[in-house]
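Good morning, and thank you for joining. I would like to take you through a few features of the structure now coming up on the screen.

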Amino acid sequence: MLWATAGVITLGFLLALQLVAHHLGIPGPITQQAREVIHAPKSGFLLYAGMALTMVVLTWRQRLIALGAAIGIDLVFLAVRWATGSGLAEDGHPFGNGALWVVLGLAVIALTRRTGAERLLLLKGVGLGLLLVTGRKTGDTWLLITSQTLPVTLDPYIAMADHALGNPSWLAGRLLEASGPVGEHALDYVYAQLAVAAVVVALYQLRHVAAEGRFPRHHLVRTFLVIGLVGPAIYMIYPVVGPMFAYGPEGGTWAAADLWPHTLPPVTAPYHLPFDEITPRNCMPSLHTAWATAIFIHSRQGPRALRLAGAFWLVATLAATLGFGWHYGVDLVAGVVFAYTIEAGLRTFDRGWDRAGILLVAYGTVVFAALLTAYRFAPLEMAAYPWLAGPLVLLVMASVVYGYRRLTGLWEGATVPAPRAEPQPEPA
């Protein structure tokens with residue numbers, strides 16, 4: 001029942017977003033996804049990652065058949081494009097269509113060749129794989145909507161508040177610049193393939209699905225999707241484009257000044273900054289930070305190699321978001337609080353709205369709202385007293401992390417009382 005309700009809500013949301021995108025004259029998530037059935041996909045890696053999620057419900061023999069079919073279809077697409085000269089210049093990957101075809105084929109098989117629990121399990125796997133891919137398309141549409149419907153940004157406010165943390169993006173930008181092309185390419189790859197890293201952790205969590213015939217109640221993909229669903233709505237009320245655009249060369253004539261990453265912005269009264277209709281307003285909060293934090297949280301239950309990988313991806317993502325000038329330091333703090341609050345909310349829901357969990361979610365929400373309020377209405381005070389504001393910002397973030405760790409530790413350490421034996425009738 002829960003899966004059906006979630007499916008209806010998701011479908012309704014996608015249709016609504018598709019209609020808004022159509023009204024604005026931009027491609028919607030359903031249009032973008034349908035296009036990749038034939039055209040070169042934007043990310044072939046993502047499509048194969050989605051197929052990998054779907055295959056958790058298959059046996060090893062079925063997985064090998066599905067993988068072979070996907071590769072074979074991709075080779076046919078590549079041969080046709082090479083022979084006809086079509087699609088070779090498209091902006092996208094030359095592979096990935098096969099993975100999408102296999103996922104769609106499994107949906108057809110589930111509806112026509114499976115029944116009962118087996119059909120439901122396969123449809124859940126298909127839905128999980130498609131949600132990962134469609135979630136990316138939904139994010140792309142959201143970004144286009146923010147750029148066309150929000151004529152001004154709040155970057156001057158965020159830049160002033162960021163003085164409390166020492167303007168870390170400016171320092172990270174100079175360090176990345178000094179690292180040369182090797183460092184830049186490495187961090188760019190980490191940043192771009194965040195969803196693939198999430199799938200690796202999710203596959204570990206879902207490794208027993210085929211054998212047990214059911215999904216675990218909570219796993220990383222749920223957190224990823226909720227972050228991606230809720231986060232962009234905040235972009236609409238808190239538009240920020242990032243230092244590389246608002247204070248760097250990428251902003252062109254729209255930039256407040258050409259300062260990033262070598263000259264710190266002066267402490268001046270902030271104002272609403274008019275900006276173009278192309279650059280996404282996707283900084284507050286940093287969803288890449290939130291997603292990387294979710295990967296880190298869920299990797300803690302895995303083996304040592306997975307825990308190290310989760311920690312690496314979090315650190316590398318933070319370095320990339322700052323070093324490339326896509327985010328301010330205060331964006332990252334908000335992203336961490338946002339991720340832990342979402343994760344706490346999902347786990348509290350799984351426990352039947354545990355009272356301690358509700359209090360933690362409420363506290364995380366208050367902290368998140370307080371941070372955004374301070375960035376907006378007290379940025380000059382934060383810049384004037386960085387020795388007070390900076391530690392305070394980090395302290396409230398740490399308090400949410402600590403609260404989550406403490407509560408989940410209590411949950412995981414709680415013992416379940418043994419069931420009482422049923423009273424037996426005495427022998428006659």
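Let us begin with a salt bridge between D350 and R217, whose closest N and O atoms are 3.4 Å apart. By salt bridge I mean a side-chain nitrogen of Lys or Arg within 4 Å of a carboxyl oxygen of Asp or Glu. D350 lies in helix α15, while R217 lies in the loop between α10 (209-212) and α11 (220-237), so this pair ties together parts that are 133 residues apart in sequence. Helices here are DSSP runs (H or I, at least four residues), numbered from the N terminus.

Before going further, a word on the source: this is a predicted model, in which local features need pLDDT of at least 70 and side-chain atom pairs count only at pLDDT 80 or more, whereas totals for chains, interfaces and linings use all residues. Residues are numbered from 1 along each chain as its sequence is written, and side-chain values use heavy atoms, with hydrogens and water left out.

D350 also meets the side chain of R222 in a salt bridge, at 2.9 Å from N to O. R222 lies in helix α11 and D350 in helix α15, so this pair ties together parts that are 128 residues apart in sequence.

The cut-offs are under 20% relative accessible area for buried, over 50% for exposed, and partly exposed in between, using a 1.4 Å probe and protein chains only.

The whole structure holds seven salt bridges. One of them joins E118 to R114, with the closest N and O atoms 3.2 Å apart. R114 is partly exposed, at 23% relative accessibility.

Let us return to helix α15, which also contains T341. This threonine is buried, with a relative accessible area of 12%. Which residues does T341 touch, not counting residues up to four places away in sequence? They are V361, G364, T365 and V400, where contact means heavy atoms within 4.5 Å.

Finally, I turn to a lining. α9 (194-205), α13 (287-299), α15 (329-350) and α18 (386-413) each supply at least two residues of the lining of the second largest pocket. α18 gives the most, with five residues.
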